Amino acid sequence: MIFFIRIRDIYTLFHIIYIMINEIKKSDKDWKEKLTPDQYMVLRGKGTEKPFTGELLNNKKKGIYLCAACGNELFTSETKFDSGSGWPSFNDAINKENIIEKNDNSFGMKRIEVICKKCGGHLGHLFDDGPLPTRKRYCINSLSLKFKNK
Ligand code: FE
């Protein structure tokens, strides 16, 4: 009897894992359909766009920068500055509750990765060499952003 229960437990466990893997695959397929290949590479693959290529790099209009994947509000035009790095840069986030700042030690560098809290999409990195008053530089891929005029 005990033997049979264990077999059934193992079966149940594998079944749960099977369902989870399928869910991940399904949501990945959804992202591939929703995003352009370049957006997918950055947002879901943690890639980086080539510097000085982003559509929103030199955008000086007043408004809000949203997550290109899910529409979460991320940055405002008031905090945008020209860092010379080739990527849209901000010295603060619209709300700390909307983003995740996570240690990232990939490629032999100690960096802080910036992630959209709502959809888990990769946005860019955070550095501490920005202008006053925050001294922060949110270095964000233009491909991860969508602009909404004020
Ligand atoms: Fe998002």
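I began in the loop between α2 and β1, where Lys 46 lies. Helices here are DSSP runs of H or I with at least four residues, strands are runs of E with at least two, and both are numbered from the N terminus. The model is predicted: local features need pLDDT of at least 70, side-chain atom pairs count only at pLDDT 80 or more, and totals for chains, interfaces and linings use all residues. Residues are numbered from 1 along each chain as its sequence is written.

**Entry: Lys 46**

I looked up the phi of Lys 46. It is positive, about 55°, although the residue is not a glycine.

**Entry: the six-stranded sheet**

I traced the strand order of the open sheet of six: β3-β4-β8-β7-β6-β5, with antiparallel pairing. Its edge strands are β3 (80-81) and β5 (99-104), and each pairs on one side only. Two strands pair if DSSP finds at least two bridges between them.

I followed β5 into β6 (residues 111-116). Six bridges join these antiparallel strands. Asp 104 stands opposite Arg 111. Glu 101 has Val 114 as its bridge partner.

I moved on to β6 and β7. Four bridges hold this antiparallel pair. Glu 113 is bridged to His 125 in β7.

**Entry: the turns**

I checked both hairpins. Six residues separate β5 from β6. Five separate β6 from β7, and Gly 120 in that turn has a positive phi of about 75°.

Phe 107 lies in the loop between β5 and β6. Its phi is also positive, about 55°, and it is not a glycine.

One joins Leu 132 and Pro 133, with omega about 5°. Pro 133 sits in the loop between β7 and β8.

**Entry: the three-stranded sheet**

This open sheet runs β2-β1-β9, with antiparallel pairing. Its edge strands, each pairing on one side only, are β2 (73-76) and β9 (145-149). The twist averages 30° from one strand to the next. Axes are lines fitted to C-alpha atoms, for helices over the stretch in contact, and angles run from 0 to 180 degrees between N-to-C directions.

I also read the pairing of β1 (residues 63-67) with β2: three bridges, antiparallel. Ile 64 has Thr 76 in β2 as its bridge partner.

**Entry: the core**

Which residues have the most contacts inside the largest nonpolar core? They are Leu 74, Val 114, Cys 116, Tyr 138 and Ile 140, in a core of 23 residues. The elements that give two or more residues to it are α2 (37-43), β1, β2, β6, β7 (122-127) and β8 (137-140). Such a core is a set of buried Ala, Val, Leu, Ile, Met, Phe, Trp, Tyr and Cys residues joined through C-beta atoms within 7 Å.

I listed the contacts of Leu 74, leaving aside neighbours within four places in sequence. They include Tyr 65, Cys 67, Ile 94, Cys 116 and Leu 123. Contact means C-beta atoms, placed from the backbone, within 7 Å.

How values were computed
Buried ≥ 20, exposed ≤ 12 C-beta atoms within 10 Å, placed from the backbone. Contact = placed C-beta atoms within 7 Å.
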